[in-house]
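We will walk through the fold stop by stop.

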Amino acid sequence: MAQPLQAIRGMHDVLPAQTPAWQRLEAAVRQLVQAYSYAEIRLPLVESTTLFERSIGAATDIVEKEMYTFTDRNGDRLTLRPEGTASCLRAVLQHGLAHNQTQRLWYQGPMFRHERPQQGRYRQFQQIGVEAYGLPGPAIDAELILLSAHLWRRLGIRGLTLQLNTLGTPSERARYREQLVVYLTQYADQLDADSQRRLQTNPLRILDSKNPALADLIAAAPVLTDYLEEASQAHFAQLQAMLDAAGVAYVLNPRLVRGLDYYTRTVFEWTTDVLGAQGTVCAGGRYDGLARQLGGRDIPGIGFAIGVERILAVQAALVGTVQSPELHVCLLMLGAEAEIAGLALSERLRAALPQMRLQTLVGSVKSQFRQADRSGASLACILGSDELAAGTVTVKYLREERAQVTVAQDQLTDVIRDAVPDLSEKNGSGVR
Ligand code: HAM
């Protein structure tokens, strides 16, 4: 027999056993961004290709070789978003959200990059992004870093390293770039093919090379921080003072350049060594020039994005798996008549006890009792022909040594509430 159809390589299903961990992360994020007063924005998955070419940069891996780009039926060039920052700023400009005001926004959703799939690197992956607009000073840089650090604490994740750098302004970077090219050109014959190509197109990315043969050469290269003017130096110093005062540890990493071209000044990454090669779980920085590049007024911007699959992998490794919430009640419906009455009863129960997790069962008597035993539920409520005739339900306690009882159907809510402590009185409306 032919194999059933499979998901696209690098694109994954999140299976039912995994969704509780996703939901817990999403709930923690939702609560935290509210506490810091960030509002949610929902953005399209598809944008014009030009948006990403103009923002991420034509000479980046993403734009050169990783975008899912296609021409639609109108002949427009469109791209499945490889990241959220460009879309977010596009929306902010389009709707004037940062006009004479500041804006704190967050979003979540899938991103698409045609990378070589491996553990922790996928072609469809989920990001949670947080962005702030209209705030040029370092206080917001610190706030965003503190927010991310706060999230790790909430999730019980310890041991992440915060890597911090500044990329200066475009003019500072241009001066540095010139010197870097002069330095690297002396060793051009020692560079690998990728770095030789980058020497022409994007020399700063050579600093990020993972090739061990280039490590010494890169270590001795000029550093950008030596080319910063006073304002950029002051911004970076102030940010460090804020992080120090808040007790957030960081490592200054002058080789941290990021894979997207829009950054100015602050850049940072949270990394771990528990995931192997794909160790960056969250990354971001400031992009003060991007609004102008996209045709808008100058609007300072800064943000970060969390790789959800990666942070969940760290959490699973450090904290353990998150279990699905257990069932409270199984309603056994023995026979066709009982199924009719049982579905109506189950709806009344769910209306009366909105927090209750109830599953209705069908099938042979033997199979239903077996399902109830395996379900992990606290109670089995049995509706057979005798109960139907008498307007009752038989309640069996699956997790305690307690004799089963037969009660009137209109008393069932109280019996369930009594047996399942987490269904407190305030959650039930008392409707029968
Ligand atoms: P990025 O570094 O390209 O930045 O991605 C941010 C995070 O997304 C990475 O640190 C990683 O955790 C996760 N990620 C990236 N690619 C993959 C992949 N192929 N598979 C799994 N996870 C992945 C950005 O996207 C910027 N928009 C971040 C930002 C927001 N900067 C300012 N604001």
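A crossing of two helices is called left-handed if the near helix is turned anticlockwise from the far one by less than a right angle, and right-handed if clockwise. Helices (H or I, at least four residues) and strands (E, at least two) are DSSP runs, numbered from the N terminus. The model is predicted, so local features need pLDDT of at least 70 and side-chain atom pairs count only at pLDDT 80 or more, while totals for chains, interfaces and linings use all residues. Residues are numbered from 1 along each chain as its sequence is written, and side-chain values use heavy atoms, with hydrogens and water left out.

**Stop 1: α6 and α7**

Select residues 170–185, helix α6, and residues 193–201, helix α7. α6 passes α7 in a left-handed crossing. Their axes come within 10 Å and cross at roughly 145°; axes are lines fitted to C-alpha atoms, for helices over the stretch in contact, and angles run from 0 to 180 degrees between N-to-C directions. Now show side chains: Arg177, Val181, Leu184 and Thr185 of α6 meet Leu199, Gln200 and Thr201 of α7, where contact means heavy atoms within 4.5 Å. That contact has three nonpolar, three polar and one charged residues. Here Ala, Val, Leu, Ile, Met, Phe, Trp, Tyr, Cys and Pro count as nonpolar, Asp, Glu, Lys and Arg as charged, and the others, Gly among them, as polar.

**Stop 2: α1 against α5**

Next, select α1 (19–35) and α5 (138–154). The axes of α1 and α5 come within 10 Å and cross at roughly 140°. The two helices are therefore oblique to each other; angles under 35 degrees count as roughly parallel, over 145 as roughly antiparallel, 65 to 115 as roughly perpendicular and the rest as oblique. The crossing of α1 with α5 is right-handed. Ala28, Val29, Gln31 and Leu32 from α1 meet Leu147, His150, Leu151 and Arg154 from α5.

**Stop 3**

Rolling a probe the size of a water molecule over the atoms shows where empty space is left. On a 1 Å grid over the protein atoms alone, a cavity is a set of points where a 1.4 Å probe fits but cannot get out, and a pocket is an open set with protein on both sides within 12 Å along at least five of seven lines; lining residues have an atom within 4 Å of a point. Grid points are joined across faces, edges and corners, and a volume is the space filled by probe spheres set on the points.

How large is the largest cavity? Its volume is about 50 Å³. Select Val29, Leu32, Val33, Ile128, Val130, Leu147, Leu151, Phe304 and Ile306 to see the lining. α1 gives the most to this lining, with three residues. The lining divides into nine nonpolar, no polar and no charged residues.

**Stop 4**

Ala21, Trp22, Arg24 and Leu25 of α1 make the contact with Val308, Glu309, Ile311, Leu312 and Gln315 of α11.

The second largest pocket has a volume of about 520 Å³. Of its 19 lining residues, Val14, Gln18, Trp22, Glu309 and Leu312 lie nearest its centre. α11 supplies the largest share of the lining, five residues.

**Last stop: Arg399**

Finally, centre on Arg399, in the loop between β15 (392–397) and β16 (405–408). Leaving aside neighbours within four places in sequence, Arg399 is in contact with Glu326, Gly376, Ala377 and Ser378.
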